[in-house]
Amino acid sequence: MKSVTTAKFSLIAGAIGVVILLIAHAVGVDYLYFASYTILQFIVLATAWNILGGYCGYVNFGSAAFFALGAYSSVFIHKLYPLPVPLLIVIGAMVSGVVGLGMGYLTLRLRGSFFAIATLALAVVLQTLVVNWDFVGGSRGAYIIRPEYLEIGSFKIPYIEYLFALMLALAIIALVSARTIERSQLGFGFATIRDDELAAEACGVPTLKLKLIATAISGAFMGMAGAPFPYYIGYLQPSSAFGLEYAVNSIAMPMIGGTTSWVGPLVGAVLLGSAQQYATVTISSAVNLLIVGLMLVGFVIIAPNGIVGLVQERLRRKRS
Amino acid sequence: MSALLHVDNITKRFGGFVALDGVEIEVARGERLGLIGPNGSGKSTLVNCICGTLQNETGNVRFDSQVMDGMSAHQRTHRGLARSFQLPRPFHSMTLADNLRIPLLYTVHARSGPLRSPGDLTDRCHELLEMVGLAPKANQMPRDLTQVEMRKLELARAVAAEPKLLIADESMAGLSNSEVEDILALLMRLNERGITIILIEHIMSAVMKFSQRLAVLVSGKKIADGRPEDVVRNPEVVRAYLGE
């Protein structure tokens with residue numbers, strides 16, 4: 001089997017990241033940073049969702065909760081003692097990862113739509129908690145004044161460029177992780193859970209343990225995506241952090257791109273994310289969810305296995 | 001020598017329905033046991049209790065001198081119990097070779113450490129497919145298989161876990177005579193290699209040919225256990241199958 005090793009893939013992905021950074025710097029338009037940050041954030045969210053939803057077949061409707069947990073961890077720590085954003089990302093990952101593990105533990109015996117409803121309930125519970133928690137702003141929301149520049153010695157980097165670079169790095173880490181999992185023993189185990197849990201157990205796959213690993217990893221990546229968000233947005237309120245668009249996009253992007261491979265969420269996030277950014281500028285931001293809905297309906301009819309599935313099917317037909 | 005499998009007085013209820021009522025069965029190492037009984041007599045429930053898919057309420061299951069109660073299905077598989085399902089349950093999104101890779105990765109590795117290189121793994125998958133005559137289809141998907149091929153894949157996947165005891169749950173239902181012969185020959189070969197086998201089957205000619213011993217379940221109770229020729233003449237067994 002011809003395949004690129006993980007090390008090589010990481011190098012290539014890193015190089016592409018550097019090229020994107022250089023191009024963005026050369027263009028130097030602030031709006032471009034803002035728009036691309038959102039798309040990168042969705043790449044992380046979609047990839048994270050896919051680790052549980054695509055690989056294991058457990059549909060999580062509570063993505064927004066994990067994202068918001070990351071964001072609110074940052075707000076909480078910012079109020080106590082402002083730490084560098086990369087550290088906040090690590091903390092956000094830990095908080096959301098632990099909650100993911102807890103959710104996995106509590107919902108282990110739920111399958112299909114029951115699991116999906118439980119995740120939705122988790123989002124509602126967490127949002128209620130945050131709305132009533134004054135320290136992180138409660139329902140009023142919290143302001144985080146973003147510094148104009150990040151200063152490292154004599155270097156001055158515009159803060160939005162810094163956040164963009166961080167999110168780019170996160171997207172690369174998420175994609176490399178997803179691809180590595182997919183090709184490992186863990187990935188094979190995840191796929192057996194998606195296909196048939198009873199048969200998986202009979203083959204010796206510890207399905208409960210693997211499900212916990214999946215919920216923790218998936219949650220952690222969503223928390224990572226959320227951690228820098230308060231700095232990006234400047235003003236965080238529960239309704240935006242727990243917004244419907246995160247839950248819907250995290251599901252729609254992998255579905256449209258294709259759920260069985262790491263490429264799917266990437267393709268879906270870039271496609272849907274760009275379309276939404278374009279619509280926001282040309283029409284209105286309210287059109288975003290409409291676009292997602294229409295595209296989802298379209299793809300479910302035309303390409304139920306997503307764009308990646310469609311391409312694979314074409315290639316298979318061509319070969320035979 | 002002690003028995004390989006020792007099922008001691010196990011009971012399983014589903015609500016008010018008693019599916020298994022104090023069943024006792026022993027299977028010796030290397031033995032070929034046939035297990036028969038009318039539909040709904042509790043055969044599959046017994047298999048599920050032995051394999052850990054269901055947990056029995058009373059009694060216990062000892063396998064290879066270890067008490068299995070409370071262990072999950074995958075832990076029992078790791079200890080050398082393997083089963084095939086009545087209705088084949090292949091992993092639909094994987095090729096045949098990858099279907100066999102799963103027990104190798106998760107059971108054989110867990111038992112004896114990851115000794116195998118990726119190349120060895122592929123070779124072993126191929127060997128197993130060769131054994132059931134599916135080698136030419138190694139890279140196809142389960143949906144491309146016929147019914148009999150699906151059953152063979154199911155058996156190959158159970159054997160891939162290198163079990164001490166294999167429980168074949170109706171591997172021949174709905175197959176033609178020559179296909180039944182095929183599967184029977186395969187099971188005989190596996191037994192010759194030292195795998196103890198419990199065969200659950202409705203096709204009596206196959207059961208009689210295969211089994212060294214025959215046990216009969218009716219309404220969750222074992223009503224007969226002994227040499228196949230004697231058991232089929234047992235009046236209670238005849239009554240259960242043919243009525244008064």
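Two strands pair if DSSP finds at least two bridges between them. Strands here are DSSP runs (E) of at least two residues, helices are runs (H or I) of at least four, and both are numbered from the N terminus. Keep that in mind as you click around.

This is a predicted model, where local features need pLDDT of at least 70, side-chain atom pairs count only at pLDDT 80 or more, and totals for chains, interfaces and linings use all residues. Residues are numbered from 1 along each chain as its sequence is written, chains are lettered from A and ligands numbered from 1 in the order in which they are written, and side-chain values use heavy atoms, with hydrogens and water left out.

**Stop 1: chain B as a whole**

You're looking at nine helices and 10 strands. The radius of gyration of chain B (taken over C-alpha atoms) is 18 Å, close to the 18 Å that the globule rule gives for 244 residues, so chain B is as compact as a globular protein of that length. That rule is 2.2 Å times the number of residues to the power 0.38. Along the principal axes, the C-alpha trace of chain B spans about 55 × 40 × 40 Å.

**Stop 2: the four-stranded sheet**

Strands of a sheet pair through backbone hydrogen bonds, either parallel or antiparallel. Which is it here, parallel or antiparallel? Antiparallel: four strands of chain B make an open sheet in the order β2-β1-β4-β5. Color β2 (17-27) and β5 of chain B: they stand at the edges, each with a single partner strand, so one side of each is left without a neighbour in the sheet.

Now walk across the sheet:

- β1(B) and β2(B) pair antiparallel over seven bridges. Pick Phe14(B), and you'll find that its bridge partner in β2(B) is Phe17(B).
- β1 (residues 5-14) of chain B is joined to β4 (residues 58-63) of chain B by five bridges, again running antiparallel. Select His6(B) and look opposite, where Arg62(B) sits in β4(B).
- β4(B) and β5 (residues 66-67) of chain B pair over two bridges in the antiparallel sense. Here's Arg62(B) again, standing opposite Val67(B) in β5(B).

Zoom in on the hairpin of β4(B) and β5(B). There are two residues between the strands, and Asp64(B) takes a positive phi near 55°.

**Stop 3: another hairpin in chain B**

Jump to β9 (residues 213-218) of chain B, which five bridges join to β10 (residues 221-226) of chain B, with the strands running antiparallel. Click Leu217(B): its bridge partner in β10(B) is Lys222(B). This hairpin of β9(B) and β10(B) has two residues between its strands, and Ser219(B) has a positive phi near 45°.

**Stop 4: over to chain A**

Select chain A, with its 15 helices and four strands. The radius of gyration of chain A is 19 Å, which agrees with the value near 20 Å that a compact globule of 320 residues would have. Its C-alpha atoms fill a box of roughly 55 × 45 × 40 Å along the principal axes.

Four bridges join β2 (residues 149-152) of chain A to β3 (residues 155-158) of chain A, and the two run antiparallel. Leu150(A) has Ile157(A) as its bridge partner in β3(A). With two residues between β2(A) and β3(A), the turn holds Gly153(A), whose positive phi is about 60°.

**Stop 5: where the chains meet**

Show both chains. How many residues does chain B bring to the contact? Counting contact as heavy atoms within 4.5 Å, it's 22 residues from chain B and 20 residues from chain A. The area buried between them is about 1,800 Å², and carbon and sulfur atoms give 64% of it. Buried area is the accessible area (1.4 Å probe) that two parts lose on being put together, summed over both. On the chain B side, select His74(B), Phe91(B) and Tyr106(B), which lose the most area to chain A, together 34% of what that side buries.
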